[in-house]
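Q: Hi! I'm new to this one, could you walk me through it?
A: Happy to. Here it is.

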Amino acid sequence: MKIAEVRVYRHSITVADGRYQMSLSEVDALDCTVVEVVTDTGLVGYGETTPLGPTYQEQHAAGARAAIATMAPALIGLDPRRTNLVYERMDHALNGHRYAKSALDVACWDLIGKSYGERVCDLLGGAERSSVPSYFGVMPGTTAETADAAQRREQEGYPRIQVKAGGRALADDIEAVRAVAEALSPTTKLLVDPNRGWTTRDTMEFSVACRDIALTIEQPCRTFDEHRRIADKIHHPLFLDESTVDIPTIVRAVTGGVAQGFGMKLSRVGGLTPLRVVRDLCVELGVPLTIDDTWGGDITAAATVHMGATVPDAFYEGTWISEPYQKPAYSCLTSPIRHVGGHIPLPEGVGLGVEPDLPTWADPVATYR
Ligand code: 0XW
Ligand code: MG
């Protein structure tokens with residue numbers, strides 16, 4: 001089987017409630033790029049990359065399409081099942097830009113599944129479950145709104161609640177988090193995620209003020225180094241998210257005692273091929289991780305749910321997908337990937353188990369052959 005053509009599609013994803021807010025940025029629409037990798041056998045595979053705006057991470061939607069334009073010609077004629085070779089070719093054509101490589105890599109995994117008649121999760125080591133636990137990120141609001149929203153999601157069945165923080169007075173964050181902790185059952189996992197919006201001092205003050213609460217702080221500061229400086233000065237476990245851009249950083253975070261776990265994203269590390277290594281490293285090193293992506297439609301959701309299904313219970317913090325926050329991204333012939341009681345059932349069928357309804361999509365914005 002050989003790659004004969006790469007087609008690139010563009011979609012706009014609208015945020016359902018008008019805007020998605022984090023400490024340093026907010027978005028109301030997301031620019032989504034889907035790749036269709038066509039082989040000489042007639043089998044096609046799909047991958048996607050949807051940055052969360054231009055400032056959440058070093059990701060840029062138009063940059064993804066420019067990066068694919070640079071890499072796609074180098075993939076023509078390659079067997080998509082040789083994912084390491086495909087990755088080498090991508091790295092040889094373009095340094096970095098993992099979020100663009102992620103889309104092409106995921107499409108190759110979809111093709112492997114379709115060609116062998118297997119689900120992607122089984123090719124990645126085997127599914128431990130048929131439905132993955134999810135978590136909900138509650139956006140900043142008044143104290144009462146935040147506690148209420150968190151409790152509602154817990155009642156829906158979400159086993160883990162992430163409260164967004166930062167971008168306002170620290171006292172407001174502390175008050176809201178205390179109210180959420182009071183509203184939730186002690187068996188629900190609680191995380192506070194300022195998305196790089198706190199200083200090291202804010203983080204230390206927050207941790208002192210909430211010392212009596214069992215919670216985890218996720219990526220409070222901007223850089224890896226800031227977290228390194230405060231890791232042993234706070235009273236809560238620290239997860240890194242945005243800073244963990246590659247495997248050496250992840251290893252350094254664990255072995256240097258900086259992070260006790262990760263909010264991990266498919267497109268940040270560059271697709272299922274590197275994410276498989278990250279998953280295995282985390283298990284070997286004994287640290288938990290989520291398996292998420294930034295945003296996206298069913299293709300991204302399927303890729304994260306397939307990988308999530310393979311993570312052993314003790315290390316799995318769940319999978320976040322953007323479906324509850326957005327209007328449907330693009331139409332598919334297969335059943336949409338949706339939450340059921342705070343969990344996400346795995347799609348059925350081989351490969352990713354997602355079949356786009358292509359006749360309803362606009363024409364490709366680019367084709368490489
Ligand atoms: C809540 N998330 C998983 C969704 C957005 O991609 C941001 C992210 C996070 O934890 O930072
Ligand atoms: Mg995060």
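A: A quick definition to start with: helices (H or I, at least four residues) and strands (E, at least two) are DSSP runs, numbered from the N terminus. Also, this is a predicted model.

Q: Thanks! Where does arginine 196 lie, then?
A: Arginine 196 sits in the loop that joins strand 9 (189–193) to helix 7. Its phi is positive, about 75°, although arginine 196 is not a glycine.

Q: Which other residue has a positive phi without being a glycine?
A: Glutamine 219 is one, with phi near 35°. Glutamine 219 is also in a loop, between strand 10 (216–218) and helix 8 (224–230).

Q: Back to helix 7. What angle does it make with helix 6?
A: Helix 6 (residues 170–183) and helix 7 (residues 200–209) pack at about 35°, and their axes are 10 Å apart. The crossing of the two is right-handed.

Q: And which residues meet there?
A: From helix 6 you have Leu170, Asp173, Ile174, Val177 and Arg178, and they meet Asp202, Glu205, Phe206 and Ala209 of helix 7. Sorted by class, that contact of helix 6 with helix 7 has 5 nonpolar and 4 charged residues, with no polar ones.

Q: New topic: how do helix 2 and helix 3 cross?
A: The axes of helix 2 (residues 83–93) and helix 3 (residues 98–116) come within 10 Å and cross at roughly 160°. Angles over 145 degrees count as roughly antiparallel, so helix 2 and helix 3 are roughly antiparallel to each other. Their crossing is right-handed.

Q: Who's touching whom in that pair?
A: Helix 2 brings Thr83, Val86, Tyr87, Met90 and Asp91, while helix 3 brings Lys101, Leu104, Asp105, Cys108, Trp109 and Ile112. The residues of this contact of helix 2 with helix 3 split into 7 nonpolar, 1 polar and 3 charged.

Q: Let's zoom out. What domains does the chain have?
A: The domain assignment gives domain 1 (3–116 + 358–368) and domain 2 (123–345). Their C-alpha centres lie 23 Å apart.

Q: How many residues of domain 1 are in contact with domain 2?
A: In domain 1 there are 42, in contact with 42 residues of domain 2. Between them, domain 1 and domain 2 bury about 3,300 Å², 60% of it on carbon and sulfur atoms.

Q: Which residues of domain 1 lose the most area to domain 2?
A: Tyr20, Tyr56 and Trp109, which together account for 20% of what the domain 1 side buries.

Methods
Residues numbered from 1 in each chain as written. Chains lettered and ligands numbered in written order. Predicted model: local features only at pLDDT ≥ 70, side-chain atom pairs only at ≥ 80, totals over all residues. Heavy atoms only, no water. Axes fitted to C-alpha atoms, helices over the stretch in contact; angles between N-to-C directions. Parallel < 35°, antiparallel > 145°, perpendicular 65-115°, else oblique. Left-handed = near helix turned anticlockwise from the far one by under 90°. Contact = heavy atoms within 4.5 Å. Nonpolar A, V, L, I, M, F, W, Y, C, P; charged D, E, K, R; others polar. Domains from an automatic or database assignment. Buried area = accessible area lost by both parts, 1.4 Å probe.
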